[in-house]
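Dear colleague,

Please look through it before reading the notes that come after.

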Amino acid sequence: MNYIHEKTPPMREERLGTGIAFGGTCREVRCAQRENCLNLASRSFSQTQGCQFTLSLAMINTLRNAVTIMHGPIGCGACSTGSVGTSQSFKRLRDPNAEGLIWLNTNLNEVDVISGGEEKLKEAIRYADKEFRPETILIPVSCVPALIGDDVDAVVAELQEETAAVLVPVHCAGFKTKAMATAYDDVYHGILRKMVRKPERLEDRRVFPDDLDDLRRKYRDSRTVNVLNVGSMSRQDELELERLLNAIGLKVRYLPCYSGAEDFRYALESALNVSICGTHDDYFIEHMKSLYDIPFVIDTIPIGRKNTARWLFQIAEHFDLQEETAKLVETESRELDKALEQFRPYLQGKTAFLGGGEIRIVATAEILQDLGMKIIGFKGHHYDQFAEPVFASLENVDDVIFDVATQQPFEQINLVKRLKPDLYVGHTGGGNISAKQGLPLLPLFGPSYNYLGYSGVFDVARRIRRLMSNAQFNKKIAQHCPLPYKASWYEKDPFTYIKKEG
Amino acid sequence: MSSSKFVDRPRFHCALGGALFTLRALQKAIPIIHASAGCGHNLFSASNAGAGYLGGGYCGGTAWSSTNVVEREIVFGGEERLNEQIRTTLDLIDGDLFVVVTGCMVEMIGDDVRAVASGFADSEVPVIAVPTPSFKGNSYDGYDMLLSGLFRDYVTQGLKKRADTVNLLGSVPGQDAFYKGNLTEISRLLQRIGFRVNTFFGEGETLDNLQKASEASLTIVLSDVYGLKAAAVCEEVHGIPYISLPLPVGAAQTSEFLRAAAVALKADATTVERVIREEEARYYDYFERIADIYNDVDLQRYAIVAGDANYAPAVSRFLADELGWLPRLAVITDLLEEERIPVLQQRFTGWESDTYPLVKFDTDTSAIQRYLAEAWEPNHNERYADTFSPTVLIGSVFERDLAAKLGIPLLTLSFPVTNRIVLNQTYAGYNGGLGLTADLLTTLVAGR
C-alpha cells in the first residue's frame, strides 16, 4: 500500500468495500463481505451518526503538546467541548505535566464561503504557534473548505517556513464518505507525511565508532514493538498489554494516542508494528511496511482470553517466542478461571445484545460466552474484512442477528424489543434511547476502565455482575420516559429502511 | 457578526446546533436534520456536556433524524433525499411538530428545503422548514433563526390578544445550562404579579403554549442580545411589541426587573410592590444565614468573571451590589454585533456599590489571562505588594487551567459547564441569587 503522495487517502467504501447498512445473520454478513457486495447499501431513514471529521478528533485531540485548528464554520469540532476535561486527565496519566485540550476554530462565515478561508487559517496558525508554542499543530479540514477548494496543503507549505510547530493537515471532510472509520486513515496519512521521521540522535554524530553501544541499540530496537493504541482504550488497558509483552521479553512503545511528537520519531526504531484493532490501523502499518520496511501484525484485538492469546502468539511468532508465550498464556488462563468462578453462577445462561464497532462487539462477545452468557444479536458500526479473524473466537453465532448500522438506534430498539436480551452492551452516544428499554447497560468501551487482556476479562465480568444486580435506574427511566417511535415500528421488520442502492 | 476571525476555544457552536437544542427544549418537536452525517452528533456532544449534561431527551442525540448527505447529494442536489427522509420520519416518529433544519453543505448547493417541506402540507402533523446555515451564525443566532421560523410558520395567526399573557424569550437552551430553571423562576414571579407566561421551554409547557403565543400582549426578552431578532419577527407577524430587560440575578436586580416589567405590562402597582416585599423578605431570611460566616472569617473576595452577554454583566453586578465583592475583570465571550457592545457596557454603570470591573469583549479563551495585568497592577517583586488576592473566578470550564494557575476557586456557570450536572437549578431571580450565593461560598468553605 502506498498512497503517501496523494492529497487524501481513498475512502474506505472504495478501498475496503466497507458497508454501513445490512440486516441479516453473522453468516450472511460474512458471506456478503467476502463477495464484496456490502458497500452500496444505505437507508431511506437515517439518524445522525458522526463523520470522519469528528472521529478524526478522537485521535487528534489525544496528542500531547499539540494544538488543533478546526478549519471550518464555527460548529465544526464543537464536540471537543465534551472531552475538554477527560482529554487533560488522560494525557496526564502519560505525562503529569501535560497541558489541557486546546483548539481553535477558523470560524468561516458567509464571506469566506465566497472568497475562501485560507487567510483566516493562516491567522489561526500564526496565533496558535505564538500563543501556545506547541510542537505540533493539527489542522482537520471540514466540509466547507473542502467544497470551496481551500488549498490547505499550500497554506501549510507556506507557513511551515515561519512556525516552530510542525503543521499537519488532516483532510477529513464529513460528506466525502459514508464510512466514518476513514477518519483513521486521514489522521495516519497526516502523521505519516509530517510526523514520522528518523530521530536525530547525538550518537549518530560520533566521531569515533562505539561498537558496543551500537550493538546495544540494535538489540534494544530488535526487541521493541510499536503497539498501536486506540482512543477508546484506557491507561489500565495499556499497562495490562505492556505487562504481557514484557513477560515474554519485549519492550513496548504506544502510538499514536496520547503520544508526543518525539514518539513518532522513535517509531522507526522498532522491530514490529502491532495493531490492536484492524479497523484502526491497517493504513498506518501497511505504509510503515512499504515506506520503512517495518513488518507488522494485524489480526485480532486482545479482548477475551482467546483473542488475547491469539494476539500474543502472532507477535511471539515474529520473535520466535512461542514457547514462552505458551507458558504465559497457560498460567494467565488458569488464574483467570479461578477468578471468574464467583461470577459464573450468576451470569450463566443470561442473554446479551452488543452494539458498536465491529471489532469490539465481536471480541467482547467472547468474554460473555466465556462467562456462560448467550449472544443473541450484534449491531456493528460498519462491516469489512477486519472482523473476520475476531469471529474465530466465538462459538455458534452463525445464525445470530447482525445489523450493520453506524449508531441508528431505531433499528437497535426494534431488535432489542424482539430479542429481549438480559443485557445491552453499547457504544457511547445513545444512552438516552437505550435506557428507555429498561435494561442494564455496559458501555462497550471506556477510557477509564480495563477491557483488554486477562485483567480486562475479569474487570468486564465483575462490572456486568454489578450492573445486572441492580438495573433500577434504567427501569425507572423506561417506566416514565417513552421512546419516540410509533407502535407500528415495532411490528415492522427492523431492516425495513435499508436500501440496496446508495 | 462583527468579529470575523478565528476563535480560541469557542463557547458556542453553530446555528444548526442552536436550532437543534431549541427544538430539544420543546415538547415533542422533532427536528429533521438536512446535513452531513456528523453535524447532529457533533453538536449533540457539544451541548450535552457543555450545558451540564442536558441529554438528548425524547428524541435527541443519535436519535435525531438526519439525511446524512454524502458527495452524491452534494453533486446532484439533496432535495430528493430530504423528501424521502421526511416521509420516513413521519412514518416512524411520534411527534407533534416536525422541523427541517439545515447544515452548511445543503445550503451551499442551494437545496430549497422550504419547497420540499411544503410538499407535506397535508400531513397529519405540521412539517415546516427553517434554514439554519451555520456559516451565517452561531448557536445563539440559531436560537433566533429557529424561533423566528416558528413565529412565522407555526404560531397561529390572528388570535385575540389577552392583556394578561406575556411571552418570555432570551434564555438559550443548550447554551445556558440553567435555561429551564431560569425561565421557571422568572415565570413564577410574573405569575405572582398576575400574568400567564409562555416561555415555551418551561416546566409543564407544551407546543400549545407556542402555538398560542400570538395571544400575548407583550414579549419580554430577558437579554440584551439573544432573542431580540425572534421578538422582532413576532412583533412583525403577530403585532406583539417587545421590551428587552437584562437577565436579573439576585434580589436587587429582580425587584428592578419586576418593576420595569410591571410598567410595560401595566400591572397593578400595589400587587407588584407587595410581591417584591414578600420575595425580598423571604430572600433575606435565607441570606441572613451567611451574615455570621461572611463576617467571622472575611468572605469578601475580588472576582474575575468570564461569561456570555447574559451572565457576565448580571453576575458581576450581583457580586458587587449584593455580595459586597469586588469584581475587577469581566470578559464577555460572545461573538457580538458591533451595536450590542455599548448596550452591554451600559450594564456596568449605575451600580449601588459604585465599584466596577474592567470590561472586555473577547471570544478567545487565552485572552482572559492577558487582561489580568490590565485589571490589576502585577506585583513587581516589591516587598509590600497589594496583590490581587483573595480572588474567585466565575466562568466556564475553559477557565479551569487559569484558576489552577492562579490557585483560586472556580465556579462554572457559563457555557461550557462540563464539570457539573445541572437539573432544576437556577441563577435567575430571587432563587437564583440564593443559589449563586450558596454555590460561590461553598467553594470557600469546602475545606472546613
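This is a predicted model: local features need pLDDT of at least 70, side-chain atom pairs count only at pLDDT 80 or more; totals for chains, interfaces and linings use all residues.

Domains of chain A

The domain assignment divides chain A into domain 1 (50-179), domain 2 (215-336) and domain 3 (344-499). Between the C-alpha centres of domain 2 of chain A and domain 3 of chain A there is a distance of 28 Å. Domain 2 of chain A contributes 23 residues to their contact, and domain 3 of chain A contributes 27 residues.

On the side of domain 2 of chain A that touches domain 3 of chain A, two or more residues come from each of α11 (235-247), α13 (278-292), α14 (305-319) and α15 (322-340) of chain A. The largest share of this side, five residues, belongs to α11(A). By class, the residues on this side of domain 2 of chain A are eight nonpolar, nine polar and six charged.

A pair of helices

Helix α6 (residues 118-132) and helix α8 (residues 152-160) of chain A have axes that come within 10 Å and cross at roughly 40°. The helices α6(A) and α8(A) are therefore oblique to each other, and the crossing of α6(A) past α8(A) is right-handed.

On the α6(A) side, the residues that meet α8(A) are E118(A), L121(A), K122(A) and I125(A); their counterparts in α8(A) are V152(A), V155(A) and L159(A). This contact of α6(A) with α8(A) comprises five nonpolar and two charged residues, with no polar ones.

Note on methods
Residues are numbered from 1 along each chain as its sequence is written. Chains are lettered from A and ligands numbered from 1 in the order in which they are written. Domain bounds come from an automatic or database domain assignment. Two residues are in contact if their C-beta atoms, placed from the backbone, lie within 7 Å. Helices (H or I, at least four residues) and strands (E, at least two) are DSSP runs, numbered from the N terminus. Ala, Val, Leu, Ile, Met, Phe, Trp, Tyr, Cys and Pro count as nonpolar, Asp, Glu, Lys and Arg as charged, and the others, Gly among them, as polar. Axes are lines fitted to C-alpha atoms, for helices over the stretch in contact, and angles run from 0 to 180 degrees between N-to-C directions. Angles under 35 degrees count as roughly parallel, over 145 as roughly antiparallel, 65 to 115 as roughly perpendicular and the rest as oblique. A crossing is left-handed if the near helix is turned anticlockwise from the far one by less than a right angle, and right-handed if clockwise.
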